[in-house]
Every structure is written in structure tokens, then in C-alpha cells.
Amino acid sequence: MKEALFPALLDPPDQVALRFENDSLSYEQLRNGAARVAERVAGAKRVALWATPQTQTCVGLLGILAAGVAAVPLNPKAGQSELRHVVSDSAPSLVVAAKGAELPPTLAGLDRLPVEQGGAKGDLPEEPEAESPALVVYTSGTTGPPKGVVLPRRAVRSNLDALAEVWNWSSDDVLVHGLPLFHVHGLVLGVLGPLRLGGRLHHVGRFSPEAVCGALAQGGTMLFGVPTMYHRLANALEKDASLEASVRGARLLVSGSAPLASREHVRIERATGHRIVERYGLTETLMNCSVRASGDRRPGYVGLPLPGIELRLAGDDGSTLDVSDDETIGEVAVRGPNLFTEYLNHPDETAAVLRDGWFFTGDVATRAPDGYIRIVGRRATDLIKTAGYKVGAGEVENALLEHSAVAEVAVIGEPDEDLGERIAAFVVLRGDARCSSQELSDHVARLVAPHKRPRTVHFVDGLPRNEMGKLLKSKLVSPSPEDAG
Ligand code: MLC
Ligand code: AMP
């Protein structure tokens, strides 16, 4: 008998599983809704999921997973060209979306399965194979459009179990967050995590410090967020002391997806008495490291590798650097049941990062004498982490080059207190073309996604290049900035 990915759905406990803004669903309702979706998608290879933050998205996801089909979460704010790419690359049989959700014309050619609440008792099909794909999640690379990361059920299950172990995460916990449901942080950890454990999720819809404090005050025990969210929470706590009690009452605050600045650790601790637990992961590996619930929470450190996961620091030739001096820097390579299977339709790119069973993350780190890992940077300067989202500079550059006024462009990440890194574009306009920074920013938001839009546009006469004509991004310096909003 295969082990169920969601045991709580086989024998639903009499309790709320999911709560969104004004809507909640019991385990029994979730099982019944998922059974209906599973019946409809059975036999498909991949199914797109319109990932709006609402209960129906979770019902749709659980139904797709129950049928042993791979779900392809779609960002509801994805622009036309990004959406077109994801759909043509993943070739879903249909799109599962909340009943009544408005879908863009790009999806008009796909059959649609509307998800409704409630319904008669339904039974779930037999548990699918552990190696079968559960999700295809799109993530940016340095150049070209995003790649689909194929995550098997085995990775989801083993990773959630490892996190449950190190965070003492149980069915008693009520997880609070306002993360998007089209990336692994919000979807795998944030939705499938509580459901695997038979616990509860309270999703606040749109993130705001007040909304998460409100949910914590109503019994939330854990909070997940990206550093931008903790930065905004710290600001709010410093302005409004009445929010403090709700956060103080939580059991665990967890940050990930990007480096959490030391000052945010300090500010949150000063306001609430809580030290934030940091964990480190990627779409391709789910989570690799975390500080244990009982462990030392030191700013800048992402803790120890998770149970069952091997981590090594690799030198430039790929060999292991056997060091624990917290100084020597190597590329993080990981091996374990948490790894993805492949990049969909990209065997060469898969082979480039998955070597002898090890996944090379592109992140560089040190290891302290007590084994704690400290992420110090990334090998590729063309990858930007902004508000917890990974964005390839090339993707933004290509979108900008599609604007008729743009002759040349270079995109970089600039340090930003709130976003970690802010997308900045250096633009050379064509001849006597005129264009505002707002227009360029809106153009990128429409074509790819709003979180990939440049926040700053510098109009320049030329870009720094070497004698061969190669762009020298390190030579780009910000003139007086013009905010793009
Ligand atoms: C703004 N908007 C526009 C626009 N400008 N729409 C169209 N055209 C434009 N020019 C819209 C946005 O869509 C959004 O709408 C709203 O205006 C505000 O946009 P914003 O300023 O970009 O975002 P903000 O509200 O400030 O949100 C900040 C945030 C968000 C932190 C809440 O960035 C976020 O949720 N980040 C989390 C990213 C994440 O989950 N990463 C995990 C990746 S997995 P609306 O309606 O949407 O508000 C991973 C692995 C791991 O990294 O380890 O976890
Ligand atoms: P993504 O491809 O969107 O899954 O983003 C993965 C990347 O996010 C990693 O390669 C890291 O660069 C970054 N990341 C995730 N968690 C952390 C963390 N706790 N500290 C620093 N960087 C992180």
C-alpha cells in the first residue's frame, strides 16, 4: 500500500482545513471538492491551475494531485507573453479555475474546469506513484523565458516531513501567510504543508502587516513570509504598538526566499520578543536548510541541512571544499529526495545543473564551525531577487527591447531596503524617441508580470562596453534616479 500524500483527506478530521479572507473549508468539504476535480482531470498529463488566493484554488490543486496529474500553477497577474510561453511550453489539457474567475484571452483556447464549493461526498482515487510529477513550477533563469521545474510527489512529501520535524510543525498548528500561490513558498510550504499534517491554513488574501497580525490574533501559531514582508511588519509594529501582542502570541516566525537583513531580525525581536527562524530553498530543491525550532537563531545564517539532505560547498571545479571556517566560499550543491526531476523540455539545462546526482544551486555560501550555512551571494549577477521573487535580467531586457522607443538596455538589481533588490533598467532610447519611465515600467508589467517591472529607469546616452562590444554591467552606475513606481 502506497503512503498517502494527504492522509487527512482519507479520513477527514472534523475541523477547518483552509481559511481565506471570507471563506473557509473543512477537511471533508476539501476531500469532496477534490474528488470531483480528480474525476474530471483523470488521465490528463498536465493541468493548469489559475492560482488566485482563494479556497477553490486549493480544492483544484488537491483534486489535480489526487488524480496523479501534474499541476501547472499560473500567476493570475502574468503578462501576455509570459502566460503564452508557460501554456505553450507545458501544454496543459485544461485550466482549473475558481468558478466565476475571469480568465485572460490568452487562455481562451483551453478547456476550463470551474471549481465550486461544497457538493456531495466523493472518494479519492488510489494514491499515485511517488515519482510521478506533482507540480511544474515556472522559475526565471538569467536569459530567456522561465523554465518549468518538474517536482515529483516524493520531493513534496519528503520535504514537508523534514520541515515538520525541524519546526515541530503539527496538526495543532494554524499557519498564517499572504504569499502568492504560484511559487513553492506559498503553494508547497504554505498550502500543502498544513494539509499534509492535518493542520490549518489561514491565508490573508493580500499581504499586509495588519492582515497577518489580525490572523495571528485569531489563533495563528506560525507565520511564513519573505523578507520584504518582515520589513513591512517591522515598520508597522514600530508605528502601532497594539499589533505587538498578536505576533508575540505566535509560536514560530519563519522567513525565506531571500536573505533577511540583520536589522530586520533585530527590529522584529525588539518589537515582539521573537527571533525569526530562517530557512533556505529553491524551486528546484524545495527547502535545503533551516534553523531548528530549538536551534540558535543567528542573523545571516540559514541553519543546518534538513534531515535526509546532503549539502556540500563546491569549488570552481565542482570538487568538495571540506571547510567549516565560516570564511571559505563555495557553491552550494545538494543531494537528496527533495530534488526536482528535470526542467520541462530542457534536457541540456537540466544536465548543466544536475551532475552525478548533485544539484548545483548557483548560490555561494560559507559553513561555520557548528555547521550553520551562511548564503553570501549568487554566481549569476543576472539573477535578481526582488521582494522574494527571482527575476532574470534577460527577461526584463527582452521585454524592454520590444518597446519601439528602446534601442539598448541593461537591467541590474540595486540594493533596496524594502525589496532586497530593486529592478533597475539603464535605457538608451532610439534616435529622438521619447518615452517616460512609467510607460516602460507598465510595458514590462503587461508583457511579463508586474513584479518584474523596473522600479527605476535610468535614461543614458550609451552603455559601458569593452573593446569586443561586450556589455560591462559592473560599470553601470546610477545617475540621479527617476522612480518608475
Ligand atoms: C503594480 N501593479 C501593477 C503595476 N504596478 N499592475 C499592472 N501594471 C503595473 N505597472 C500591481 C501589482 O500587481 C499588485 O497588485 C500591486 O499593484 C502592488 O504591486 P507591488 O508593488 O509589486 O507589490 P506589493 O503589493 O508591494 O507586494 C509586495 C509583496 C509581494 C512582498 C507582498 O512582492 C510578494 O507577495 N512577494 C512574495 C514572492 C514569493 O512568494 N516568492 C517565493 C518564490 S519561491 P495586487 O493586486 O497583486 O496587490 C522561492 C523558494 C524559497 O523563492 O526559498 O521560498
Ligand atoms: P527561486 O528560484 O525563486 O526558488 O529562488 C531561489 C533562490 O532564492 C535561491 O537560489 C537563493 O538565492 C534565494 N533564497 C531562498 N531562501 C534564501 C535565504 N533564506 N537566504 C538567502 N537567499 C535565499
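Visitor: Why is the pair Asp418 and Arg232 called a salt bridge?
Guide: A salt bridge needs a side-chain nitrogen of Lys or Arg within 4 Å of a carboxyl oxygen of Asp or Glu. The closest N and O atoms of Asp418 and Arg232 are 2.7 Å apart. That is within 4 Å, so the pair is a salt bridge.

Visitor: What kind of model is this, and how are residues and chains labelled?
Guide: This is a predicted model, where local features need pLDDT of at least 70 and side-chain atom pairs count only at pLDDT 80 or more, while totals for chains, interfaces and linings use all residues. Residues are numbered from 1 along each chain as its sequence is written, chains are lettered from A and ligands numbered from 1 in the order written, and side-chain values use heavy atoms, with hydrogens and water left out.

Visitor: What makes Arg31 and Glu28 a salt bridge?
Guide: Their side chains meet at 3.7 Å, N to O. The limit is 4 Å, so they qualify. Both residues lie in helix 2 (residues 27-41), three residues apart, about one turn of the helix. Helices here are DSSP runs of H or I with at least four residues, strands are runs of E with at least two, and both are numbered from the N terminus. The structure holds 32 salt bridges.

Visitor: Which domains does the chain have?
Guide: The assignment gives domain 1 (7-373) and domain 2 (387-483). Such bounds come from an automatic or database domain assignment. The C-alpha centres of the two domains lie 29 Å apart. Their contact (heavy atoms within 4.5 Å) takes 25 residues from domain 1 and 21 residues from domain 2.

Visitor: How much area do domain 1 and domain 2 bury between them?
Guide: About 1,600 Å², with 43% of it on carbon and sulfur atoms. Buried area is the accessible area (1.4 Å probe) that two parts lose on being put together, summed over both. In domain 1, Glu82, Ser140 and Thr228 lose the most area to domain 2, together 26% of what that side buries.

Visitor: What polar links are counted between domain 1 and domain 2?
Guide: Eleven residue pairs are in polar contact, both residues at pLDDT 80 or more. A polar contact is a pair of N or O atoms within 3.5 Å; within protein, one must be able to donate a hydrogen and the other to accept it, and residues adjacent in sequence count only if both atoms are side-chain atoms. Two salt bridges are also counted between the domains.

Visitor: Why is strand 20 said to pair with strand 21?
Guide: Two strands pair if DSSP finds at least two bridges between them. Strand 20 (residues 358-367) and strand 21 (residues 373-378) have five bridges, so they pair, in the antiparallel sense. Ala365 stands opposite Ile375 in strand 21.

Visitor: What makes strand 2 and strand 15 edge strands?
Guide: Strand 2 (23-26) and strand 15 (304-305) each pair on one side only. They belong to an open sheet of nine strands, ordered 2-1-10-9-11-12-13-14-15, with mixed pairing. Within the structure, strand 9 (residues 174-177) and strand 11 (residues 222-225) run parallel, joined by two bridges.
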